[in-house]
Amino acid sequence: MQVHVSDNSTVADHCKALALRDPKDNDYNVNCDHQHNDKCDRCDEITSTIDEIEIALQEQWKARNIEEAAKEEVEFSIRNSREHINAWKSHLIRWVIEDQTRVDLLENLDRSSVFLVQDWAMKYLPTKYRESPQDWIAKRGISWHITVAIRRGEDQDFEIMTFVHILESCNQDYCAIIAIMSDVIKQLKKAMPQLTTVFYRQDNACCYHNGPTIISAKKLCQNEGVCIQRLDFCDPQGGKGCCDRKAATIKSHMRLHLNAGNDVATGDETMKAIKSSGGVPGVAVKLSELAAGQQSELSALKLAGISLLFNFCYEEDGLWSWKAYKLGPSKLFPWGELTNPSGIDLPFLHPPMFRQKKIKSRSQP
């Protein structure tokens with residue numbers, strides 16, 4: 001189905017504009033200039049197969065004495081399966097549309113702009129070289145976040161650098177994300193003094209997809225003399241492959257360190273494992289913790305209908321939003337309405353920041 005999705009398809013199931021338009025809101029509505037009078041035999045086979053299964057079951061119920069409870073259970077399973085299949089089709093269409101943002105941004109990158117993909121890696125379970133059964137019980141995972149930065153090199157090839165933040169104990173909320181975004185921009189600016197523009201791509205997790213993160217991103221970049229142009233969200237499993245690949249590489253490197261007779265059970269040991277044997281090429285790792293006294297006023301920064309908005313463009317007059325990439329005229333959120341919900345002014349906000357965690361020295365036995 002992904003192959004057949006297009007902007008101007010006469011098949012209803014393949015038309016982007018028809019699938020994701022919002023007829024109740026003109027800012028996100030798209031009128032098709034063509035008819036949807038064609039059908040796809042493969043898409044229709046899904047519906048017809050479920051209908052045939054339902055008809056066959058009804059015929060069996062008439063021929064046999066089936067209890068009502070069993071009938072209701074089977075009917076529920078059929079309805080549930082139909083809904084799941086339709087939801088999967090919708091996911092495929094959204095995946096194709098939102099993935100186009102990644103393609104367009106990568107094509108327009110240069111040496112002064114960076115495309116940032118962010119994702120929380122699966123928590124790392126502390127592991128000892130020789131682990132007893134008692135060590136396995138009640139393990140608590142170590143949080144670590146991955147940011148992959150992509151830019152064009154002098155030879156027009158892509159250059160990739162990865163930033164890993166290890167937070168031994170933290171809530172994976174917008175405070176942590178804002179601090180990570182701020183720290184990554186600072187590190188990038190030191191490595192790339194010519195950096196002027198950044199683009200963000202994140203998944204649909206609540207720690208990313210919220211008002212404080214989206215609104216504060218503009219000020220974070222301004223503090224370092226960088227302009228943020230876009231922030232886009234992807235569907236689950238639809239655009240974070242570079243983070244997953246880098247996480248797999250880092251875990252393999254940590255496994256080598258573990259097999260050499262070392263423990264990886266704490267945050268500082270995790271950082272040492274990543275830096276062992278010269279480290280992983282192109283990976284910068286930092287063990288950090290959020291500073292105390294995070295500003296609660298960030299929670300007042302809200303966007304109306306944020307759960308349905310997936311694409312944002314930062315302009316001087318305000319924040320432009322779309323429900324789907326390049327579909328509809330978009331809606332403008334003026335900065336004055338966003339940054340002053342209760343007397344808050346974004347230029348005077350100080351984002352949550354990291355403080356370098358001190359690594360405790362251990363005496364040798």
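Me: Ala, Val, Leu, Ile, Met, Phe, Trp, Tyr, Cys and Pro count as nonpolar, Asp, Glu, Lys and Arg as charged, and the others, Gly among them, as polar. The model here is predicted. How do the lining residues of the second largest cavity divide by class?

Reply: The lining consists of Leu-20, Arg-94, Glu-98, Asp-235, Phe-310 and Lys-323. Leu and Phe count as nonpolar, while Arg, Glu, Asp and Lys count as charged. The division is two nonpolar, no polar and four charged.

Me: How do helices H2 and H3 run relative to each other, parallel or antiparallel?

Reply: H2 covers residues 41-63 and H3 covers residues 68-107. Their axes lie 11 Å apart, at an angle of about 175°. Angles over 145 degrees count as roughly antiparallel. H2 and H3 are therefore roughly antiparallel.

Me: How many nonpolar, polar and charged residues make the contact of H2 with H3?

Reply: From H2 come Ile-46, Thr-47, Ile-50, Asp-51, Glu-54, Leu-57 and Trp-61. From H3 come Lys-71, Val-74, Glu-75, Ile-78, Arg-82 and Ile-85. By class that gives seven nonpolar, one polar and five charged.

Me: Which way do H5 and H6 run, parallel or antiparallel, and what is the handedness of their crossing?

Reply: The axes of H5 (residues 174-191) and H6 (residues 211-223) come within 10 Å and cross at roughly 25°. Angles under 35 degrees count as roughly parallel, so H5 is roughly parallel to H6. The handedness of this H5 and H6 crossing is right-handed.

Me: What classes of residue meet in the contact of H5 with H6?

Reply: H5 brings Tyr-174, Ile-177, Ile-178, Met-181, Ser-182 and Ile-185. H6 brings Pro-212, Thr-213, Ser-216, Ala-217, Leu-220 and Cys-221. The contact has no charged residues; its classes are nine nonpolar and three polar.

Me: How are H7 and H8 oriented, parallel or perpendicular?

Reply: H7 spans residues 241-259. Its axis and that of H8 come within 8 Å and cross at roughly 100°. Angles of 65 to 115 degrees count as roughly perpendicular. H7 and H8 are therefore roughly perpendicular.

Me: Where is Ser-277 found?

Reply: Most residues other than glycine have a negative phi. Ser-277 is not a glycine, yet has a positive phi of about 55°. It sits past helix H8 (267-275), in the loop between H8 and S6.

Me: What is the phi of Gln-156?

Reply: Gln-156 lies in the loop between strand S2 (143-152) and strand S3 (158-167). Gln-156 is not a glycine, but its phi is positive, at about 70°.

Me: Which residues does Ala-284 touch, leaving out those up to four places away in sequence?

Reply: Ala-284 is in strand S6 (residues 283-290). Met-271 is 13 residues from Ala-284 in sequence and 10.0 Å away, C-alpha to C-alpha. Contact needs heavy atoms within 4.5 Å. Ala-284 touches Met-161, Thr-162, Phe-163, Val-164 and Gln-187.

Notes
Residues are numbered from 1 along each chain as its sequence is written. This is a predicted model: local features need pLDDT of at least 70, side-chain atom pairs count only at pLDDT 80 or more; totals for chains, interfaces and linings use all residues. Side-chain values use heavy atoms; hydrogens and water are left out. On a 1 Å grid over the protein atoms alone, a cavity is a set of points where a 1.4 Å probe fits but cannot get out, and a pocket is an open set with protein on both sides within 12 Å along at least five of seven lines; lining residues have an atom within 4 Å of a point. Axes are lines fitted to C-alpha atoms, for helices over the stretch in contact, and angles run from 0 to 180 degrees between N-to-C directions. Helices (H or I, at least four residues) and strands (E, at least two) are DSSP runs, numbered from the N terminus. A crossing is left-handed if the near helix is turned anticlockwise from the far one by less than a right angle, and right-handed if clockwise.
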